[in-house]
Amino acid sequence: MKLIRDFVTEYLRTLALSDILMNQIVLAVDEICANLIIHANHENPEKHITLTIHKLKGQVKFEITDEGVAFERSNYKEPNIEEHIRIGKKGGVGIALVNRIMDKVEFSTKGNKNICLLYKKIV
């Protein structure tokens, strides 16, 4: 995961973003990658994820692909983050956090590839 965080951080440094925005974006990308490694690919060292960063007009697009079990967004129920904090529950809020940080989050599958696209405006 350090390799992913360093890659994203180095790329974002070239865009002169605030430290807060940069850290939020790194956190969101890190969370998606961790979920893919742990949940979709069951921490199988034989499987890989690919992260590509695209600079678009006024925004950055992160494309993360894997060949694991697809995330079914239709089965996803947004957790009550305040309740998680109140009871001290660990985990289960990653996608909700990513949804709050990024401007657009898309999941799709093409053939045996799952694709997660994350968009963030950087005007």
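Asn 35 counts as buried because its relative accessibility is 18%, where buried means under 20% relative accessible area, exposed over 50% and partly exposed in between (1.4 Å probe, protein chains only). Welcome to a short tour of this predicted model, in which local features need pLDDT of at least 70, side-chain atom pairs count only at pLDDT 80 or more, and totals for chains, interfaces and linings use all residues. Residues are numbered from 1 along each chain as its sequence is written, and side-chain values use heavy atoms, with hydrogens and water left out.

**The chain as a whole**

- Four helices and four strands make up the elements of the protein chain; helices (H or I, at least four residues) and strands (E, at least two) are DSSP runs, numbered from the N terminus.
- Of the 123 residues in the protein chain, 38% are buried.
- Among contacts (heavy atoms within 4.5 Å) with a separation of 6 or more, 56% join residues 24 or more positions apart.

- Helix α2 covers residues 19-40, which is 22 residues.
- From first C-alpha to last, α2 reaches 30 Å, close to the 32 Å expected at 1.5 Å a residue; the expected span is 1.5 Å times one less than the number of residues.
- Asn 35 sits in this helix, and it touches Ala 40 and Ile 95, leaving aside residues up to four places away in sequence.
- Just after α2, His 42 adopts a positive phi of about 50°.

**Where α2 meets α4**

- Helix α4 (residues 94-101) packs with α2 at an angle of about 145°, and their axes are 9 Å apart.
- Here axes are lines fitted to C-alpha atoms, for helices over the stretch in contact, with angles running from 0 to 180 degrees between N-to-C directions.
- On the α2 side, the residues are Gln 24, Ile 25, Leu 27, Ala 28, Glu 31, Ile 32 and Asn 35, and they meet Gly 94, Ile 95, Leu 97, Val 98 and Ile 101 in α4.

**Cysteines**

- Searching the whole structure turns up zero disulfides, a disulfide being a pair of cysteine sulfur atoms within 2.5 Å.
- The sulfur of Cys 33 has its closest cysteine sulfur in Cys 116, 8.3 Å away, so the two are too far apart for a bond.
- Cys 33 counts as buried because its relative accessibility is 0%, and Cys 116 is buried as well, at 1%.
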